[in-house]
Amino acid sequence: MIALLGMIAGIVAGLFLEPSVPTGLQPYLPIAVVAALDATFGALRAYLDGIFDERVFVISFVSNVLVAGFIVYLGDQLGVGGQLSTGVVVVFGIRIFSNVAAIRRRLLHA
Amino acid sequence: MPDYLPDERPDERPPTARRDDARRRVWVALWGRPTRAQVVVGVLLALLGFAAAVQVRAVRSDDEFTGARRDDLVQLLQTLSAAQDRVSRQLSELEDTRDELQLSTNQRQVALEQAQRRLDALLLLSGEAGATGTGVVITIQDPDGSVGAVTLLNAVQELRDAGAEAIEINNVARVVAETWFGPGSAATGSALVVDDRTVRAPYVVEAIGASDTLAKAVEFPGGLADEVEALGGSVTVTPLDSVQVQSLAPEPDADFADPTT
């Protein structure tokens, strides 16, 4: 419940505070969001499996974001930033799909 | 997440029991007692929601070209720059045309003004237009009838020397280049004839020019005034700010002379 409220509070804050994304962070923010989403769905799946550990969740959340950002940064330096961020998004997308499928199986057994 | 996915433990329970397990956990998470783990997850999820909302806003506030493909953008850019080239070329052509037209209009204007000035000068010179301006009115009284054509011609010459621009006599005879003076006939009772026009005393000579200079030209010792007085007449000179010369000279004929340029 607190987790749900936290997310709602974050969304509301983002919508109403109207912060502008710093130019340096602009390419990394969408990737970071996707990475964090992946970590969140993974955590949900683990929770439903009964093996959730908040320490692991925090570490995976932060490292996912950092590694994704680093990959995009590296791609930018190598001149393939666009392609690499596409690749990162694809990988995370696949993982999110498989996690959601697992969650669905746990909850609905279907 | 590999972190969360250890090897599947063999679960001997029937699938329905596992499913009930999961549902029970959701129930506990939503309505159970808050735990430390929930707070940590809540903070991170708040971060995620915040970032997602910001990103969505940033994307939405971008213009319509954000999602366009690079090839499309390049083509659009090329089209636009070609159009701009074309338009700026047209602009410079039109500006050239405008400058040319302006120049020719100015030249025509100047030529027209010069021609107008020349026309005015020539009209005054040939006596085909009336004139007004500063000048003098000279009245020659001649009770004895002894002032003749020669005297009047002298008067006109003096006035011309003094820079008179338009001269007329008795409001009827305009003095121009072809003007001639002759003695009148006794039959008509006239003393003088100027350009076929009869002129009787007192002679009133109106001249437009610098009035001081004109007055001096008449009054200097041995000049017109003295000459007329020697003949028994009298001369009065009145400088005026506005002298009207109304009479016109006959149009000059140029039957034999052709202008050579």
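Q: At roughly what angle do the axes of helix 4 (residues 149-161) and helix 5 (residues 211-219) of chain B cross?
A: In this predicted model, the axes of helix 4 (residues 149-161) of chain B and helix 5 (residues 211-219) of chain B come within 9 Å. Their crossing is right-handed. The angle between the two axes is roughly 140°.

Q: Are helix 4 of chain B and helix 5 of chain B parallel, antiparallel or oblique to each other?
A: Roughly antiparallel helices have angles over 145 degrees, whereas these two axes cross at roughly 140°. Helix 4 of chain B and helix 5 of chain B are therefore oblique.

Q: Which residues of helix 5 of chain B meet helix 4 of chain B?
A: By class, the contact of helix 4 of chain B with helix 5 of chain B has 4 nonpolar, no polar and 2 charged residues. Helix 4 of chain B takes part through Glu158(B), Leu159(B) and Asp161(B). In helix 5 of chain B, the residues they meet are Leu214(B), Ala217(B) and Val218(B).

Q: What pattern does chain A follow along the sequence?
A: The secondary structure of chain A comes to 4 helices and 0 strands. Read along the sequence, the pattern is α-α-α-α.

Q: Are helix 2 and helix 4 of chain A roughly parallel or roughly antiparallel to each other?
A: The axes of helix 2 of chain A and helix 4 of chain A come within 9 Å and cross at roughly 20°, in a left-handed crossing. Angles under 35 degrees count as roughly parallel. Helix 2 of chain A and helix 4 of chain A are therefore roughly parallel.

Q: Are helix 3 and helix 4 of chain A roughly parallel or roughly antiparallel to each other?
A: The axes of helix 3 of chain A and helix 4 of chain A come within 7 Å and cross at roughly 155°. Helix 3 of chain A passes helix 4 of chain A in a right-handed crossing. With angles over 145 degrees taken as the cut-off, helix 3 of chain A and helix 4 of chain A are therefore roughly antiparallel.

Q: Which residues of helix 4 of chain A make the contact with helix 3 of chain A?
A: The residues of this contact divide into 5 nonpolar, 4 polar and 1 charged. Helix 3 of chain A contributes Ala68(A), Ile71(A), Val72(A), Gly75(A) and Asp76(A). From helix 4 of chain A come Gly81(A), Gln83(A), Leu84(A), Ser85(A) and Val88(A).

Q: Which residue of chain B does Ala32(A) touch?
A: Residues up to four places away in sequence are not counted here. Within chain A, Ala32(A) touches Val65(A), Ala68(A) and Gly69(A). In chain B, Ala32(A) touches Ala51(B).

Q: Which helix gives the most to the side of chain A that touches chain B?
A: In all, 41 residues of chain A are in contact with 35 residues of chain B. The side of chain A that touches chain B has 29 nonpolar, 8 polar and 4 charged residues. Helix 1, helix 2, helix 3 and helix 4 of chain A each give two or more residues to this side. The most, 14 residues, come from helix 2 of chain A.

Conventions: Residues numbered from 1 in each chain as written. Chains lettered and ligands numbered in written order. Predicted model: local features only at pLDDT ≥ 70, side-chain atom pairs only at ≥ 80, totals over all residues. Contact = placed C-beta atoms within 7 Å. Nonpolar A, V, L, I, M, F, W, Y, C, P; charged D, E, K, R; others polar. Axes fitted to C-alpha atoms, helices over the stretch in contact; angles between N-to-C directions. Parallel < 35°, antiparallel > 145°, perpendicular 65-115°, else oblique. Left-handed = near helix turned anticlockwise from the far one by under 90°.
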